Amino acid sequence: MTEVPEHLRKRAEEARAKAAAAKAGAAGSDAPSEELSAEQQEAASKIPAHLLERSKAAKAKAGGDDSDGGGTAVATAPAAPAATGGAPLPTGPGGHTQRLLTVVKSGSIQDVKGLPQDKVHTWPHLLVVEFAAALFITAFTTIFSIFVNAPLLELANFNETPNPSKAPWYFLGLQELLTMFHPMVAGVTIPGIALIILVMAPYIDRNPSKKPEDRKFAISLMTMHLMFWSVLVMIGSFFRGPGFNFVFPWEAGLFFEL
Amino acid sequence: MAKTDDEVQKPLPQRMQDQMSQLGDQIQGSQAWTSIFRPGSIFRKGYTDSPRNRSYVIMNSVLYHLHPVKVKRHAVKVSYTLCLGGLSFFLFILLTVTGIFLMFFYRPTAAAAWDDIYTLQTSVTFGLLVRNMHRWAAHLMVLTVFLHMARVFYHGAYKPPREFNWVIGVMLLQLTLLLSFTGYLLPWDQLALWAVTVGTNMMGFTPVFGDQVRFVLLGGVEIGTDTLLRWYVLHVLLLPFVAVIFMAIHFWRVRKDGGISGPL
């Protein structure tokens with residue numbers, strides 16, 4: 001049988017003793033059957049009638065022996081005495097067969113981590129958007145490719161250096177730095193440090209908030225960083241002419257191939 | 001006799017429609033069809049739009065490797081992600097498809113490379129179009145990956161528990177740049193040669209082993225046919241292979257870290 005906690009057992013014993021004392025007092029004047037009905041009347045306000053009926057039927061089946069009506073009905077179903085035949089039916093004061101011992105709130109045993117979230121089905125809500133995006137980018141690339149041809153200059157010639165010689169556009173920021181610093185600083189140190197800081201960003205930025213108003217420093221730093229490279233790339237792409245000298249594209253023309 | 005009368009009375013289009021739907025039922029009921037499309041597939045017979053089937057569409061298909069059955073409502077808002085990560089992935093697929101096409105017509109030697117590209121543009125059906133697509137999609141992918149990174153930063157989506165996925169993402173950004181840069185040399189024209197010369201000269205200034213780095217990258221002391229072969233293998237095999245592995249980890253971590261980051 002299930003183990004009953006010490007304080008509950010104590011409480012149950014007290015209740016049993018109290019019930020026995022009351023019965024001993026009542027036994028002198030009243031018959032047991034009348035006592036039972038009095039008990040039921042007292043309980044009627046709390047227990048639904050059909051449950052009382054069922055309980056009475058079970059008691060009758062079990063032999064009507066209700067002399068030790070203790071309060072230890074922790075897990076005793078009304079049907080159990082019927083199965084065992086002559087076993088006594090434990091009934092609490094007022095005819096209860098079950099009793100609320102304690103209410104365990106969900107947070108105290110299970111650690112509830114996540115609150116319920118507003119979710120939608122991936123199909124169709126997300127997949128349709130993704131499919132549209134894939135179609136869009138494919139269509140855009142195809143149509144753009146119909147009208148604009150990729151450059152193919154003359155065969156590579158080691159003896160003829162084009163003026164200016166430019167790296168691919170995403171490296172033009174670095175090439176721009178080359179005009180200002182020693183190659184080791186411009187080509188390795190500055191991009192290396194920038195890259196390491198970028199990789200380490202989540203470990204450097206310990207601010208837990210995602211709200212823009214709480215992250216003014218991080219946002220301004222990143223914006224300056226992105227702007228730094230964007231401006232350098234644009235200068236390198238559009239404002240550098242022969243000899244990698246500074247020119248205005250609307251005066252000297254465009255020296256830029258994708 | 002009544003049955004044949006019915007058939008005669010039906011107009012021809014009606015009869016054809018009946019036959020078509022009967023044929024459709026037969027195909028959809030065949031063993032081959034049901035073995036291909038698992039329960040819940042929208043192509044299965046009697047697909048109805050129910051919550052259960054909506055779950056099955058993902059759960060019973062290969063898409064389950066990429067997406068959970070349900071996502072946060074704000075995650076499907078285009079205004080939040082601008083679909084930049086997804087677009088980068090689509091462009092990668094587009095580049096793979098067009099790249100495989102280009103590989104059929106290209107030999108990575110100094111003697112043949114430029115001529116192959118020229119022939120591809122002038123005498124191969126759709127050759128010019130596919131080469132253009134490959135070129136523009138590559139530039140576009142550098143742009144979308146860069147913008148994706150900016151978007152993630154401004155949303156603070158790199159914060160715990162997503163720190164490591166940010167690191168993977170920065171690796172993917174570098175891989176994208178390297179993929180684009182190695183592809184730049186392959187046409188073997190003046191643009192390719194001198195752009196790569198500028199780039200590799202810069203790498204030669206790596207402290208301590210600058211000369212060794214340059215030698216390994218070029219496959220010699222200066223750019224030549226060995227460089228072309230080396231960069232070709234990097235471009236079509238090694239870098240895409242590494243990128244796919246990193247992408248798999250990247251996508252997996254998106255789900256393991258609780259889906260895309262929440263609203264600000």
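Author: Axes here are lines fitted to C-alpha atoms, for helices over the stretch in contact, with angles running from 0 to 180 degrees between N-to-C directions. This is a predicted model, where local features need pLDDT of at least 70, side-chain atom pairs count only at pLDDT 80 or more, and totals for chains, interfaces and linings use all residues. Residues are numbered from 1 along each chain as its sequence is written, with chains lettered from A and ligands numbered from 1 in the order written.

Reader: Why are H8(B) and H9(B) called roughly antiparallel?

Author: Their axes come within 10 Å and cross at roughly 160°. Angles over 145 degrees count as roughly antiparallel. H8(B) and H9(B) are therefore roughly antiparallel.

Reader: What makes up the contact of H8(B) with H9(B)?

Author: Contact requires C-beta atoms, placed from the backbone, within 7 Å. B:Ala138 and B:Met141 are among the H8(B) residues, and B:Trp166 and B:Gly169 among those of H9(B). The contact divides into 10 nonpolar, four polar and no charged residues. Nonpolar means Ala, Val, Leu, Ile, Met, Phe, Trp, Tyr, Cys and Pro; charged means Asp, Glu, Lys and Arg; the others, Gly among them, are polar.

Reader: How do you know that E1 of chain A pairs with E1(B)?

Author: Pairing takes at least two DSSP bridges. Three bridges join these strands, which run antiparallel. A:Val120 has B:Val71 as its bridge partner.

Reader: Which helix gives the most to the side of chain B that touches chain A?

Author: The contact takes 66 residues from chain B and 59 from chain A. H8(B) gives the most to the chain B side, with 14 residues.

Definitions and conventions
Two residues are in contact if their C-beta atoms, placed from the backbone, lie within 7 Å. Helices (H or I, at least four residues) and strands (E, at least two) are DSSP runs, numbered from the N terminus. Angles under 35 degrees count as roughly parallel, over 145 as roughly antiparallel, 65 to 115 as roughly perpendicular and the rest as oblique.
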